[in-house]
Amino acid sequence: MALTDVAVLLVEDDSVFRQLLANFLVQQGAVVFEAADGNEGVSEFQAHTVDIVIADLSMPKLDGLGMLKQIIKINPAVPSIVISGNNVMADVVEALRYGASDYLVKPLADFSIIEQAILQAISPQNTQLEHLDFNDSDAVINSAANMSQDLSYQELTDNFSLLEHNSEAAKSVQQQLFPASNVCYPSAKIHYSLCKNSDVSAYFIDSTMVGDNHLMMYMAHFHPEDNRAAFGCVLLRSFVNQKLKLFRNGLSTTLIEPFNMLSYLNDRMVNSGINLFVDIVYVCIDLSNFRVAIGQAGSGLRCYLRNNNGLAPLAMSESLQLGTVEWNKPSMQFRTLMPEEKICIASNISQHRNKLLNNEFDGLYYDETVPAGGFIELAVN
């Protein structure tokens, strides 16, 4: 039997579905521990040694995402698969960011799908990039979270071409990568507004907590400005996720070091061979002392300090765009945020800066009358 002696923690509040799935897994040879909500799931995870966790995202008391955040702290090496009953991609993407290996959507027509997902997640080769189907945006999100080994040049170029010529797929993929306009973290808030003039935005923003004390955010501008920018978003997100997983396993601190992170991103972009170039400003703040490290590549974006007097641009020396073979090093600056100060990244367009000063945080939106671009702001609580 394919799952012989595989220890599975199954966390699901629907007792009927849980029993049916548990019976199927046992028939395949697995040892199954069951829990009805996230709190029970954490307790069972602590009580037993398991090979994989399967969890519904929507549960009472403690949901699947909240449970994942707790069990990662206990043992980040155990893979997990999440099940979404409402196909809310924002929740799925967040779960993948917190280390989930795969996700499935209810209703499941065939439980063998779960068996295959388990085998893939626990396989030593589970971190290799699979062939992406860019007509299936869910698969792209999933593969972006799992992309942690060297990328196949042929796979990249094949899928890059597919996305380049499929506007609807590019639009769908990119929209699911963008967060809401306001993102709240334990000690900080992120607000942003990005305008696009076509189906795909050439600009991208991202942010995440790194451990308990650090928060990173970045804004990127892709060149050329076409459908390929959606693939660039997938690449950047996947590269960041790789370093996030390594950080949580205690294997790398690159994610909180803008100099090393931008150097790493440039190497990956160059080695991908896809000829995408990126202006980027990458910021990491230590929330315990408000110390900020800022790295910049390219010249299309600016970093600002914002206070009651307005915006003050930070002086950053010139640096080549990411994706450039001749790239040497990023421009760097370090400083400590003063009370009431905020750190902002914006495209170098006066209309965007004015919208920032007016607190027009609209998330990702379409408007042919406004220049493409925008801004992101980090405010500590």
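Okay, let's start with the rings: going through the whole structure turns up eight aromatic pairs. To count, rings of Phe, Tyr and Trp (its six-membered ring) need centres within 6.5 Å, and planes under 30 degrees apart are stacked, over 60 edge-to-face, and the rest tilted. One of them is Phe17 with Phe111: the ring centres sit 5.9 Å apart and the planes are at 80°, so this pair is edge-to-face. It joins distant parts of the chain, with Phe17 in helix H1 and Phe111 in the loop between strand S5 (102–105) and helix H5 (112–122), 94 residues apart. By the way, helices (H or I, at least four residues) and strands (E, at least two) are DSSP runs, numbered from the N terminus.

Before I go on, a word on what you're looking at. This is a predicted model, where local features need pLDDT of at least 70 and side-chain atom pairs count only at pLDDT 80 or more, while totals for chains, interfaces and linings use all residues. Residues are numbered from 1 along each chain as its sequence is written, and side-chain values use heavy atoms, with hydrogens and water left out.

Back to Phe17. Is Phe17 buried or exposed? Phe17 counts as buried, at 13% relative accessibility. For that label, buried is under 20% relative accessible area, exposed is over 50%, and partly exposed is in between (1.4 Å probe, protein chains only).

Now the tyrosines. Tyr218 and Tyr282 make a stacked aromatic pair, 6.1 Å from centre to centre with 10° between the planes. Tyr218 belongs to strand S9 and Tyr282 to strand S10 (residues 277–286), so this pair ties together parts 64 residues apart in sequence. Both Tyr218 and Tyr282 are buried.

Lys243 lies over the face of Tyr264, 4.4 Å from the ring centre. The rule there is that NZ of Lys or CZ of Arg is within 6 Å of the ring centre and within 35 degrees of the ring normal.

Next up, salt bridges. How many salt bridges does a search of the whole structure find? Eight salt bridges, where a salt bridge is a side-chain nitrogen of Lys or Arg within 4 Å of a carboxyl oxygen of Asp or Glu.

Let me walk you through a few. Glu34 and Arg18 meet through their side chains at 3.1 Å, N to O. Arg18 is buried, with a relative accessible area of 14%, while Glu34 is partly exposed at 32%.

Then there's Asp212 with Lys73, a salt bridge at 4.0 Å, N to O. That pair links distant parts of the chain: Asp212 is in the loop between strand S8 (203–210) and strand S9 (214–223), Lys73 is in helix H3 (residues 64–74), and they are 139 residues apart. Both Asp212 and Lys73 are exposed.

Arg228 and Asp226 form another salt bridge, at 2.6 Å, N to O. Arg228 counts as buried at 18% relative accessibility, and Asp226 as partly exposed at 25%. There is also a network of salt bridges linking Arg306, Lys342 and Glu377.

Last topic, the backbone. Which peptide bond is cis, with omega near 0°? The one from His223 to Pro224, and Pro224 is in the loop between S9 and helix H9 (228–248).

Lys61 has a positive phi of about 70° although it is not a glycine. You'll find Lys61 in the loop between strand S3 (52–56) and H3, exposed with a relative accessible area of 73%. Asn359, not a glycine either, has a positive phi of about 55°. Asn359 is in the loop between helix H11 (350–357) and strand S16 (363–366), and it counts as partly exposed at 44% relative accessibility.
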